[in-house]
Amino acid sequence: MNYGHALRFGLRLPADAGCGPRQLVEVAGLAEQLGLDLLVVPAGTAGDDLEPSTFSAWIAGATVSLGLVTEVDSTRLRPAMLARAVASLDQLTEGRVELALRAGPAAAGSGAADSIAALGEVIAVVRELWNVLDRGLGRFTGRYHRLAGAQKAAPAHDVPIPVDGRSPDLLRLVGRQADEWSTGPGAAALTQGNRAVDEAARGAGRDPREIRRRITIHGGFGERTGRFTGTAADWVNDLLPLVVDHGVGTIVLDTDERDVAAGFATEVAPALRAAVDAALPRGWSSARVRRSAVLARRRPGIDYEGAPSGMAEVVEPGDPAYARLRSGYLRGGAPGIILRAATNEQVTQALAFARRHHGVALSRRSAGHGVSGRSTNDGGIVIDVSLMNAIEVLDKRTRRVRVGPGARWAEVAAALEPYGWALSSGDYGGVGVGGLATAGGIGYLARGHGLTIDRLRAVEMVLADGSVVRADDSENPDLFWAVRGAGANFGIVTAFEFEADDVGAVAFAQLTQDASDLERYLVEWGRVVEDSPRDLTSFLIVPPPRGGRPAPAVSRTMVDSPDPETVRARLEPLAAISPMYAQDIVITSYAAVMDNANDDPPVSLGEPVSRSGLLRHVTPQFAAAAARVIRGGAIGWFQLRSVGGAVADVPSDATAYAHRDANFSLVVMGAADEVVDKAWAQLSPFLDGLYISFESSLRPERIAEAWPPQTLSRLRQLKTVYDPEGVFGDNFALTPSTNDPGGSNP
């Protein structure tokens, strides 16, 4: 009987009061140096003077890759405290921790069955507090333990819980709840115990293969006096049947002799692996066994067993990683499967898998920050390219750089700063390159340097049919034209090549001003921006007034110059519009301005409601309508971004981003579509076109608003060539022109 678990080898720390902390850390270092997989830190380490989870943390700081099995007597710690301590250690070690539990002695007046039942509740409490897949506080009510509502703590990985013992009640608990059964090397005990564990597992709806089997052995080299003595070959002969016939997957050596540990690691372990591979069928340990808890969370309509095996990571709704990958930063999600790709080949495999699932939603994600929220879905497939995040300088002379779609713009800015270069790229460093660089890219340097796509020189992408192509001005030029402004319709870009700009130190000003005369403020701000030299780009946010107070106006303005007099000349007209509440003006680097994001995973629960429009001028009529909308309270976010300048220098037909004559981009956000639409109706008469990255509505007419008729017609013809089946239909999806010979359907 074999359970398909790849062999692991470990060392058990001596539980000897004569062995101090320094010596124990040296043993841990030896185990890692020898290439062993794990170290067991037993309860009672150093004569009960050292608490095992605390000492495990000490060892973790002295090791890099060694797995740490923290062994705890379940009667010694409160399970909630234990769960949080282990989760924290697992985060700090990036997923190197296991939590081994022992039933412990029975309390006075109770029997062994009570001790085992209490152990079962400890496991239940710990798992409840690690279960961040179900949002909310942790709750549990049992005979021995109770959680009335405790904060959960996510480990870095699915922390295994081994349990040690041989009693019938304990074996049944292992089958129902544990991830590994730990015992001695006796063949008869293994046979009997495996039978009991397997029966209990099946009764609980689990696959017995979910449960790893571990033995702890003692031995030495030299004269053959019994099992696990003699030569390394003798050890292999003793261990081989335990692995092949009894399913042992983890072998831990309990010794305080360094030469024995070295022989076990360097001679026995590799020889046993080879012997097992020879004795068992090819690929005996390659099958991945999903836990029953994971299987229970699978969504209908997805062939999970057919998921491509070559992906960097396949994440299902029951996997620990799902909690941080399910949502975007503005949209809550519950996809059925997330395929994480790190190479073109993996993207191709993921896309082929998605194409087999007709009618199942497909989303693509670089970093998940899109205002439109299309990087996740409910019950569908997500192809995640966030791991494709390399940034490489190809040619210093031409400032040519290659950037992966999963890189974030703060990382790009930091990588380019040492060269004195930059790429205008939005206003938030956490945004991924992939989404922004296929839509446009309205950033803090737009008026002087254009859109992000205006610095794009080539792309590498996977098309709907799975082929990988390059597109630039000479190779697939029509595709390159389409990618710059409508890229989501034509494939998954896996690499971008940009020509960066020479950008040195810049000034960045954050001004908060009185906007009680809101109509006047909007008109004056627009006038100042349009009249300013191109080295100034300004973004304006006007929050709704609160508590009867007038609305403030918050502008964030970049001046592409380090010269104080130039900066003063550019900013004084803005500062003169109205009285100042606060100001913060610095001369810094573009990278420092973009360093405004954190690495926290997305936790959004809602659905973004945003509307986007492009505006030529901030006229008094528009300002009056905007003031009514802002004061009306229907929206919570009102932002104008200056465009114009270098953006308008590019001919309207040069890229699929065609609304080049707009001087401003407007985005509003609110809580509900019907409420926002009612407010938006007051603004839309003044707008011409929209920016697709900032629009969440699914109304059909937005397609015609995104692209002028001539641009739209050309895009739809290209859609017929590159994606006639509409594989990429999740974000401003175009209808192939073959589906509408008259050309009237957008």
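**Notebook: hairpin, sheet, cores and rings**

The strands, like the helices below, are DSSP runs numbered from the N terminus, with at least two residues (E) for a strand and at least four (H or I) for a helix. Two strands pair if DSSP finds at least two bridges between them. Between β5 and β6 sit 4 residues. I looked up Phe140 and found its bridge partner in β6, Leu147.

A note to myself before going on: this is a predicted model, where local features need pLDDT of at least 70, side-chain atom pairs count only at pLDDT 80 or more, and totals for chains, interfaces and linings use all residues. Residues are numbered from 1 along each chain as its sequence is written, and side-chain values use heavy atoms, with hydrogens and water left out.

I checked Asn131, in the loop between α4 (112-130) and β5. Is Asn131 buried or exposed? It has a relative accessible area of 17%, so it is buried (buried is under 20%, exposed over 50%, partly exposed in between, with a 1.4 Å probe and protein chains only). Leaving out residues up to four places away in sequence, Asn131 touches Lys152 and Arg297 (contact means heavy atoms within 4.5 Å).

**The open sheet**

Next I traced a sheet of 7 strands, open and antiparallel, in the order β25-β22-β24-β23-β27-β28-β26. Its edge strands, each pairing on one side only, are β25 (580-588) and β26 (610-615). On average, neighbouring strands are turned by 15° against each other, direction ignored. Axes here are lines fitted to C-alpha atoms, for helices over the stretch in contact, and angles run from 0 to 180 degrees between N-to-C directions.

Helix α17 (residues 564-575) packs on this sheet and touches β22 (506-514), β23 (536-541), β24 (552-559) and β25, with its direction at about 20° to that of β22. I also found helix α19 (residues 620-632) lying across β26, β27 and β28, at about 150° to β27. Strands β27 (residues 637-642) and β28 (residues 664-669) pair over 6 bridges, antiparallel. Phe638 has Val668 in β28 as its bridge partner.

**Cores**

Which residues touch the most other members of the largest nonpolar core? Leu39 and Ile251 do, in a core of 77 residues (a set of buried Ala, Val, Leu, Ile, Met, Phe, Trp, Tyr and Cys joined through side-chain atoms within 4.5 Å). Apart from that core lies another, of 68 residues, including Val412 and Ile703.

**Rings**

I counted 15 aromatic pairs in the structure (rings of Phe, Tyr and Trp, the last by its six-membered ring, with centres within 6.5 Å; planes under 30 degrees apart are stacked, over 60 edge-to-face, the rest tilted). Phe490 and Tyr722 are edge-to-face, 6.4 Å centre to centre with 85° between the planes. They link distant parts of the chain, 232 residues apart: Phe490 is in the loop between α15 (477-486) and β20 (492-499), Tyr722 in helix α23 (residues 709-722). Both Phe490 and Tyr722 are buried.

Last, I looked for charges over rings. The charged end of Arg702 sits over the ring of Phe732, 3.7 Å from its centre (NZ of Lys or CZ of Arg within 6 Å of the ring centre and within 35 degrees of the ring normal). Arg213 lies over the face of Tyr3, 3.7 Å from the ring centre.
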